[in-house]
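Welcome! Let's take a friendly walk through a protein structure, one topic at a time. Keep the picture beside you as you read.

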Amino acid sequence: MEVYAGACEVVELLGWSRDVLAPYGFTTELTLPLVSVCRDELMFAFVDVVTAHWGHCFDLSSLAGLPLLGRTGLAAALGHAPDAGGRHRLVVMAFPHIGLDDSDGVGAVRRPGVPGITTACGAVDVARRALVSGVSGVVLDPHDVEESLLVQRLRAVLGDGVVPDLPHVTELVRRCAVDELRLLLGGLSTPDLAVDFALFSGVVVHGTDTDRVTLESAEVRVDGVTRDLMAQKT
């Protein structure tokens with residue numbers, strides 16, 4: 001599919017993330033990795049690669065990968081970050097996912113032991129269908145909190161406009177995740193606590209034979225100054 005033509009191997013992306021952050025003091029020993037991905041077991045392989053490059057991860061995950069843990073949850077993550085002379089470093093990976101089967105197309109994925117075709121991301125697909133049907137997103141279901149909040153966030157972005165296809169809704173989820181993470185991460189530093197962070201985002205694409213990943217944004221913030229890293233990705 002043309003929209004994912006630039007996807008690369010997951011190992012390639014994570015190796016680059018480590019190389020590009022080294023000049024800013026981000027090393028495996030001095031950095032806590034955080035992952036904001038879907039709860040789907042298909043994402044375990046991605047998290048394994050993050051762990052192989054950055055160490056064991058603090059999990060920000062929810063349905064669709066939207067970070068819903070809030071300030072309290074992120075403060076807990078910060079409490080687990082290595083202390084390097086009063087400076088703490090976080091590297092955050094925000095990656096929703098989508099299926100792309102050679103035979104059955106966008107959103108389709110085959111799972112071991114499961115007959116036929118399933119959907120990825122199922123939560124995004126359910127949210128999209130709810131929006132198409134006219135669900136307002138105003139009511140929060142206490143027994144379906146994560147999906148309700150996903151619909152709410154997407155409705156806030158789309159308003160009453162036309163609901164786009166699954167790849168474009170997946171992109172909206174990524175943008176919502178990045179916006180939320182920038183807000184939460186940006187509030188961590190205080191005059192007495194230095195917190196540097198890097199934030200990478202894209203989409204994990206589950207192909208017929210292997211997973212690949214797109215990179216849509218990459219930035220690092222050190223001493224309150226944010227630098228765009230995308231120009232350094234070749």
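What you see here is a predicted model.

- From its first C-alpha to its last, α6 reaches 30 Å, which is close to the 30 Å expected for its 21 residues at 1.5 Å a residue.
- On the α5 side, the contact is made by Leu150, Arg153, Leu154, Val157 and Leu158. These residues meet Val169, Leu172, Val173, Cys176 and Glu180 of α6.
- Sorted by class, this contact has 8 nonpolar and 2 charged residues, with no polar ones.

**Glu180, a residue of α6**

- Is Glu180 buried or exposed? With a relative accessible area of 17%, Glu180 is buried, because the cut-off for buried is under 20%.
- Glu180 belongs to helix α6 and touches Pro67 and Arg153, once neighbours within four places in sequence are set aside.

**Helix α4 and its surroundings**

- The α4 contact with α6 contains 4 nonpolar, 1 polar and 2 charged residues.
- Which residues of α4 are buried? They are Ala123, Val124, Asp125, Ala127, Ala130 and Leu131.
- Those buried residues of α4 pack against β8, α5 and α6.
- After α4 comes Gly134, which has a positive phi near 105°.

- Thr119 sits in strand β8 and is partly exposed, at a relative accessible area of 33%.
- What does Thr119 touch, leaving aside its neighbours within four places in sequence? Its contacts are Gly107, Val109, Arg111 and Asp125.
- Thr119 and Val109 are 10 residues apart along the chain, and their C-alpha atoms are separated by 5.8 Å.
- Ala120 and Cys121 are joined by a cis peptide bond, with omega at about 0°.
- Cys121 is placed in the loop between β8 (118-119) and α4 (122-132).

**Two loop residues with positive phi**

- Ala64 is not a glycine, yet its phi is positive, at about 70°. You will find Ala64 in the loop between β3 (58-59) and α3 (70-78).
- Asp223 also has a positive phi without being a glycine, with a value near 55°. This residue lies in the loop between β10 (211-222) and β11 (225-228).
- Are these two residues buried or exposed? Ala64 counts as buried at 1% relative accessibility, whereas Asp223 is exposed at 55%.

**Ala77 in helix α3**

- Ala77 is part of helix α3 and is buried, with a relative accessible area of 0%.
- Setting aside residues up to four places away in sequence, Ala77 touches Leu32, Leu34 and Phe58.
- The C-alpha atoms of Ala77 and Ala123 are separated by 25 Å, and these residues are 46 apart along the chain.

**The nonpolar cores**

- How many residues are in the largest nonpolar core? That core has 53 residues, and Leu14, Leu21, Phe46, Met93, Phe95 and Phe200 touch the most other members.
- Another core, of 19 residues, lies apart from it, and its members include Phe58, Ala94, Leu188 and Leu199.

Key. Residues numbered from 1 in each chain as written. Predicted model: local features only at pLDDT ≥ 70, side-chain atom pairs only at ≥ 80, totals over all residues. Heavy atoms only, no water. Contact = heavy atoms within 4.5 Å. Helix = DSSP H or I, 4+ residues; strand = E, 2+ residues; numbered from the N terminus. Nonpolar A, V, L, I, M, F, W, Y, C, P; charged D, E, K, R; others polar. Buried < 20%, exposed > 50% of the residue type's maximum accessible area, 1.4 Å probe, protein only. Expected span 1.5 Å × (residues − 1). Core = buried A, V, L, I, M, F, W, Y, C linked by side-chain atoms within 4.5 Å.
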